[in-house]
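Subject: Handover of a structure

Dear colleague,

Please find below the structure that I am handing over to you. My notes on it follow directly after it.

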Amino acid sequence: MQNPEPQTRRVHINCGELDMRDASEESVAAIDHVNAGNVLVTPRTRPLMSRFSLNMGSLIEIPDGARLMRKIEVLGREAFVAGPQILANLGTLVIAPEVTIQDLESGLAEIVNRGRLLYPEHLGAIASKVSHNSGHLQPYPSGARLIPGDLSLDEAVLGSLADATILVVAGDLNVPQP
């Protein structure tokens, strides 16, 4: 008796985000259908989307080799030392106030921004590094006090602030009852 050919397994996937940045022909071969909120691809992997049926909310093309940022991330001067890099922001990217124009020129090639980009006013030139922006670019005063996460603005915090303090809160701000 002859062994029948093994059947190819076909799967249907429902997910919030499909990350295809590292996909290959082989890795998508078993996929029949995907229902996803966001699909992340690179120029190399974008053609693989034609291998299955797809229902999606947003297609997000990330440049090859880009550093993907999804949450709240604060970049100081040290982040720009290694040389020109590509950043893909899907979260909240905060450029620290000590970063200089020279740091950006030598350490940042490009930003793809689909999230929130907070930067000090003296770095207005950062806009020239943004190749795609469907998010928000938000300058903040260079002398502001930066809070990289969430903050509860309670009596203790308020009492610790000098008069005329400018706060920049990258996360959520909660104002509780006294």
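In which loop does Ala164 lie? Ala164 is located in the loop between α3 (155-160) and β14 (167-169). The phi angle of Ala164 is near 70°, which is a positive value in a residue other than glycine. With a relative accessibility of 66%, Ala164 counts as exposed. The terms of accessibility are as follows: buried is under 20% relative accessible area, exposed is over 50%, and partly exposed is in between, with a 1.4 Å probe and protein chains only.

The model is a predicted one, in which local features need pLDDT of at least 70 and side-chain atom pairs count only at pLDDT 80 or more, while totals for chains, interfaces and linings use all residues. Residues are numbered from 1 along each chain as its sequence is written, and side-chain values use heavy atoms, with hydrogens and water left out.

The chain as a whole

The secondary structure consists of three helices and 15 strands. The C-alpha trace spans about 85 × 45 × 25 Å along its principal axes. The radius of gyration of the chain is 22 Å, whereas a compact globule of 178 residues would have one near 16 Å; the radius is taken over C-alpha atoms, and the globule rule is 2.2 Å times the number of residues to the power 0.38. Of the 178 residues, 36% are buried. Among the contacts (heavy atoms within 4.5 Å) with a separation of 6 or more, 28% are between residues 24 or more positions apart.

Leu87 has Ile111 in β8 as its bridge partner. Four of the five residues of β6 (residues 85-89) are buried, so this strand is largely enclosed by the rest of the structure.

Asn89 belongs to β6 and is buried, at a relative accessible area of 0%. Asn89 is the bridge partner of Met69 and stands opposite Asn113 in β8. The side chains of Asn89 and Asn113 are also joined by a polar contact of 2.8 Å. Such a contact is a pair of N or O atoms within 3.5 Å; within protein, one must be able to donate a hydrogen and the other to accept it, and residues adjacent in sequence count only if both atoms are side-chain atoms.

A second open sheet of four strands, in the order β5-β7-β9-β11, is likewise parallel in its pairing. Its edge strands are β5 (72-75) and β11 (136-140), each of which pairs on one side only. Three bridges connect β7 (residues 92-95) with β9 (residues 116-120), and Thr92 stands opposite Arg116 in β9.

The nonpolar cores

A nonpolar core is a set of buried Ala, Val, Leu, Ile, Met, Phe, Trp, Tyr and Cys residues joined through side-chain atoms within 4.5 Å. The largest one has 17 residues, and those with the most contacts inside it are Leu75, Phe80, Ile95, Leu117 and Ile126. The elements giving two or more residues to this core are β7, β8 (108-113) and β9. Apart from it lies another core of twelve residues, including Met20 and Val28.

A residue of strand β12

Ile147 has its place in strand β12 (residues 145-147) and counts as buried at 14% relative accessibility. Leaving aside residues up to four places away in sequence, Ile147 touches Leu167, Val168, Val169 and Ala170. Ile147 and Val74 are 73 residues apart in sequence and 9.8 Å apart in space, C-alpha to C-alpha.

Yours sincerely

Key. Two strands pair if DSSP finds at least two bridges between them.
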